[in-house]
Amino acid sequence: MTPVLEVREVTKRYGGLVANNAVSFSVAEREILSVIGPNGAGKSTLFKQIAGFVAPSSGEVLFRGQLISGMSPHKVARLGVVRTFQETTIFRSMTVRENVIVSHHLRSRASLLGYFFGSRLARSDEEEFARSADEIIDFLGLQAIRNELASNLPQGHLRALGMAIGLATSPAVILLDEPFAGMNHEETMRMVALVRRLRDERGMTVLLVEHDIPAVMKISDRIVCINFGEKIAEGTPAEIQADPHVIEAYLGSEDAAIGM
Ligand SMILES: Nc1ncnc2c1ncn2[C@@H]1O[C@H](COP(=O)(O)OP(=O)(O)OP(=O)(O)O)[C@@H](O)[C@H]1O
């Protein structure tokens with residue numbers, strides 16, 4: 001089967017620093033794949049290149065066979081590859097529901113400006129977007145904060161809103177940047193279940209960058225491990241857990257052992 005996403009020999013240099021060095025891997029439809037590695041390994045840089053926030057120095061990223069590396073994040077998102085949590089646009093003076101409605105305009109025929117100025121085309125989309133926004137809010141269990149201003153939300157809810165905004169565009173591939181960061185065990189388990197539902201109920205392919213190794217082991221179909229910008233291992237959670245290169249990378253870092 002054609003992979004939904006292909007990362008081919010992606011290299012990113014910042015001056016003399018090589019943040020990613022010829023990283024290659026592919027992701028199958030409806031797969032949950034995690035990218036792990038010690039601090040500064042190059043995980044965020046890799047995600048930014050997949051989602052269009054940063055252009056590779058060399059190499060390419062393909063989505064269903066189409067070249068997407070070098071495109072703007074907006075174009076990449078329109079095609080169906082969306083990164084959430086960091087650098088997500090949240091309108092602080094709008095409510096949760098309004099934010100999710102507005103985000104639908106990324107895939108709309110009418111422009112965002114049309115929404116603000118009430119164009120006819122925008123008005124015709126409005127009802128559908130409101131219905132879809134309510135569905136996403138229910139899906140994520142955010143009913144209680146539906147009408148809360150974004151500026152009043154604590155960090156955890158802001159992250160959930162970031163996810164809601166990502167879902168509003170109905171992506172085929174969603175990239176989650178440290179979805180479990182700062183969460184206690186119970187919250188993490190809830191998020192693990194939610195990510196599985198994205199795949200099982202919405203047919204999405206999920207890529208995540210995450211430091212919470214036990215959660216990664218639980219949730220991932222496959223894991224790619226990078227260290228000093230290079231891919232050092234790729235495999236199932238059991239394979240990664242037993243890989244000597246991975247163990248060595250973690251033992252030599254301040255992330256401590258790859259404790260599971
Ligand atoms: N815009 C930039 N300019 C210069 N160097 C950068 C830039 N972005 C990242 N780097 C460097 O590239 C390397 C990889 O950084 P990156 O943020 O991708 O790592 P990471 O694995 O995501 O780290 P962490 O787990 O700590 O978030 C680091 O040495 C970082 O300092």
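1. The model is a predicted one.

2. The buried side of H10 deserves a look. H10 spans residues 244-251, and its buried residues are Val246, Ala249 and Tyr250. Viewed down the helix axis, these buried residues fall within an arc of 90°, so they line one face of H10. They pack against three elements: strand E9 (222-227), strand E10 (230-235) and helix H9 (237-242).

3. Strand E9 is mostly covered, with five of its six residues buried. Strand E3 (residues 32-36) runs parallel to E9, and four bridges join the two. In that pairing, leucine 33 has arginine 222 of E9 as its bridge partner.

4. E9 also pairs with E10, this time in the antiparallel sense, over five bridges. Valine 224 has glutamate 234 in E10 as its bridge partner. E9 and E10 form a hairpin with two residues between them. Check the turn: phenylalanine 228 there has a positive phi of about 50°.

5. Now the other sheet. Four strands make an open sheet in the order E2-E1-E4-E5, with antiparallel pairing. E2 and strand E5 (66-67) are the edge strands, each pairing on one side only. Strand E4 (residues 58-63) pairs with E5 over two bridges, in the antiparallel sense. Leucine 62 stands opposite leucine 67 of E5.

6. Which residues surround the ligand? The shell consists of Tyr14, Leu17, Ala19, Gly37, Asn39, Gly40, Ala41, Gly42, Lys43, Ser44 and Thr45. Strand E2 (17-27) and helix H1 (43-51) are the elements that give two or more residues to this shell. H1 gives the most, with three residues. By class, the shell divides into four nonpolar residues, six polar and one charged.

7. What is leucine 175 in contact with, leaving aside its neighbours within four places in sequence? The list is Phe47, Ile50, Ala51, Val82, Arg83, Thr84 and Leu207.

8. Histidine 74 lies in helix H2, residues 73-79. Is histidine 74 buried or exposed? It has 9 C-beta neighbours inside 10 Å, so histidine 74 counts as exposed. Histidine 74 and alanine 51 are 23 residues apart in sequence, and their C-alpha atoms are 8.8 Å apart in space.

9. Overall figures. The protein has ten helices and ten strands. Buried residues make up 41% of its 260 residues. Of the contacts with a separation of 6 or more, 66% are between residues 24 or more positions apart.

How values were computed: Residues numbered from 1 in each chain as written. Predicted model: local features only at pLDDT ≥ 70, side-chain atom pairs only at ≥ 80, totals over all residues. Buried ≥ 20, exposed ≤ 12 C-beta atoms within 10 Å, placed from the backbone. Arc of directions from axis to C-beta. Contact = placed C-beta atoms within 7 Å. Near = placed C-beta within 6 Å. Nonpolar A, V, L, I, M, F, W, Y, C, P; charged D, E, K, R; others polar. Pairing = 2+ DSSP bridges.
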